[in-house]
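The entries follow the order in which I looked things up.

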Amino acid sequence: MGSFVVTGAGLVGSWVARELTDMGHQVTLFDVAPPMQALSHWVDLDRVKLVRGDLQSLPEIISVIQEAKPEAVLHTASFLTAGVRERPYAGVQVNFMGTVNVLEAARIFGVPRVVFCSSGTVYTGMPGGLSMGKDEDFAMKVVSQRPRGLYAVCKLACEHVGYTYHDLYGMEFVAVRFGGVYGPWQGAMSGLPGRFVRKAVEPLIQGRVGEFDRAGMPGAAYGQERATINLAYSRDCAHGVVLGGTVKGDVTGSYDIASGDVSISDFVAALKQAFPGAELTGIPDVAPMPSPPAEFTSAKQRLGYEPQFPIERALVDYASWARRWLN
Ligand SMILES: NC(=O)c1ccc[n+]([C@@H]2O[C@H](COP(=O)([O-])OP(=O)(O)OC[C@H]3O[C@@H](n4cnc5c(N)ncnc54)[C@H](O)[C@@H]3O)[C@@H](O)[C@H]2O)c1
C-alpha cells in the first residue's frame, strides 16, 4: 500500500482518489475549496485525508507532502479555460506557479514522481489545429505554432518545467493530456466540454428535453468547430492519472488520454440509445463525418492505458451516478 497526494478534488481528482482507495492506497486530497457534497457520491471521506490549501502557497504544499511522504504527487488542481479567460493573472499564478510549487515541494522532499494533468489544447497551434492527427511527441515552432490561449500556454510551459526537473533532479515527470473531459459531477462544472455534455444529458436523466448547445461544442470553444469531438470520460482520465502514478519504471513523458473521437451523429445516437425516446433540441446540421482514430499509442505502450468508457457505455454510467442527485 502506497501513499499518494492528489491535488484537486474536482471532476477528475475525485475519481483519482476513488480508484486509489479502491486499490488500497492512502490518499491525501489537497484542494482550496473541496466540494464535500459532490465528493461524497463516490469517495469514502473516512478513507481519504482531506486538506484545504492553496497551490499558490508553497508552505501549504510542503506541509502536506512532508506529512504524507507520497510515492507520487498526482496534480489535477487547476483553473480551466474559462477560468483563465476570466481571471488571467490568477490563472497564471495557479496554473503555472502552482505547478512549480508542486514540483519544488516534491523535489525538496525527494518525491520520486509527479503526474501533471495537461491538456489537448497544447496542440491548438499546430497546422490544421485540432482536426489533424497528432503525435504525443510533436515538433512545434515556438512562434508560429504556439498554443492558442493562456490556459494552453501555461500547460505547455508546465510540461517544459516538469521535464527540466526530470533532467536536473532526476524526478520522474508524467504529463497526461486530456481531451474534453465530461462526466457526472454534482459540483460546478469548470470545463467547457463537461458543460456541453451536461446540458444534453442531465435533462434526459430527468425525463426532460436535452439541449444540444452548438455554441458550447468543445471545438467551437477553441474557435475551430469540428464535426468530431475528442471526448474523455472523467473515469478514463482518472485511470490515466493513476497509471501515470503507479506504473513501474521511469515512464517520464507526455501521453494523450481520452475515450475516443466522437462525431456529432455518434453522440446523438449514443444519447438516443442510453435514453430511448430522448428528445433533443438544437442538434446542429452537420454532416456525419468519419472520426479520425483516437491516438493513444504512447499511453497504450508505456502506461498500459486503454479507454474503458466509449460514449455509449459512458452515458449509461453517467446516468447511473447522476440519478443520485438529479432525481
Ligand atoms: N475538464 C476538462 O475539460 C479538461 C480538459 C483537459 C485538461 N483538463 C485538466 O484536468 C485537470 C482536472 O480538471 P477537472 O475537470 O477535474 O477540474 P475541476 O475544476 O473539476 O477541479 C479542479 C480542482 O482544483 C481546485 N483548485 C483550483 N485552484 C486551486 C488552488 N489554487 N489550490 C488548490 N486547489 C485548487 C478546485 O477547487 C477544483 O476542485 C486540470 O488540470 C485541468 O486543467 C481538464
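How many bridges join strand 1 to strand 2 (residues 26-31), and in which sense do they run? I counted five bridges, and the two strands run parallel. I note here that the model is predicted.

**Entry 1: strand 1 and its sheet.** I then checked burial along strand 1. Five of its five residues are buried, so the strand is largely enclosed by the rest of the structure. Ser3, Val5 and Thr7 point one way, while Phe4 and Val6 point the other way.

**Entry 2: strand 6.** I took strand 6 (residues 172-178) next and found seven of its seven residues buried. On one side I listed Glu172, Val174, Val176 and Phe178, and on the other Phe173, Ala175 and Arg177. The buried set therefore includes Glu172 and Arg177, under the cut-off of 20% relative accessible area.

Strand 6 is joined to strand 5 (residues 113-119) by seven bridges, in parallel. In that pairing, Phe116 stands opposite Ala175. With strand 10 (residues 253-257), strand 6 pairs in the parallel sense over five bridges. I recorded two partners in strand 10: Gly253 for Val174, and Ile257 for Phe178.

I also listed the contacts of Phe178, leaving aside neighbours within four places in sequence. They are Val12, Cys117, Ser118, Ser119, Gly120, Cys237, Val241 and Ile257.

**Entry 3: the nonpolar cores.** Which residues have the most contacts inside the largest nonpolar core? The core has 72 residues, and the answer is Val16, Leu74, Phe178, Tyr182, Val241, Phe267 and Leu271. Helix 12 (residues 311-326) gives the most to this core, with nine residues. At least three residues come from each of domain 1 (3-179 + 234-257) and domain 2 (181-230 + 260-291 + 308-326). I then found a second, separate core of 30 residues, which includes Phe30, Ala90, Phe116 and Ala175.

Entry 4: I looked up another open sheet, with three strands in the order 7-9-11 and mixed pairing. Strand 7 (180-182) and strand 11 (260-263) are its edge strands, each pairing on one side only. Neighbouring strands here are turned by 50° against each other on average, direction ignored.

Strand 7 and strand 9 (residues 228-233) run parallel and are joined by three bridges. One of the pairs is Gly180 with Leu231 of strand 9. Helix 7 (residues 192-205) packs on this sheet, where it touches strand 7 and strand 9, and its direction makes about 45° with that of strand 7.

**Entry 5: helix 10.** In helix 10 (residues 264-274) I listed Ile264, Phe267, Val268, Ala270 and Leu271 as buried. Seen down the helix axis, the buried residues fall within an arc of 160°, so they line one face of helix 10. They pack against helix 7, strand 9, strand 11, strand 12 (280-281) and helix 12.

**Entry 6: Trp185.** Is Trp185 buried or exposed? Its relative accessibility is 3%, so I count it as buried. Trp185 lies in the loop between strand 7 and helix 7. Beyond neighbours within four places in sequence, its contacts include Ala9, Pro35, Trp42, Arg198 and Trp325. For Arg198, 13 residues apart from Trp185 along the chain, I noted a C-alpha separation of 9.2 Å.

Technical notes
Residues are numbered from 1 along each chain as its sequence is written. This is a predicted model: local features need pLDDT of at least 70, side-chain atom pairs count only at pLDDT 80 or more; totals for chains, interfaces and linings use all residues. Side-chain values use heavy atoms; hydrogens and water are left out. Two strands pair if DSSP finds at least two bridges between them. Helices (H or I, at least four residues) and strands (E, at least two) are DSSP runs, numbered from the N terminus. Axes are lines fitted to C-alpha atoms, for helices over the stretch in contact, and angles run from 0 to 180 degrees between N-to-C directions. Contact means heavy atoms within 4.5 Å. A nonpolar core is a set of buried Ala, Val, Leu, Ile, Met, Phe, Trp, Tyr and Cys residues joined through side-chain atoms within 4.5 Å. Buried means under 20% relative accessible area, exposed over 50%, partly exposed in between (1.4 Å probe, protein chains only). Domain bounds come from an automatic or database domain assignment. The arc is that of the directions from the helix axis to the C-beta atoms.
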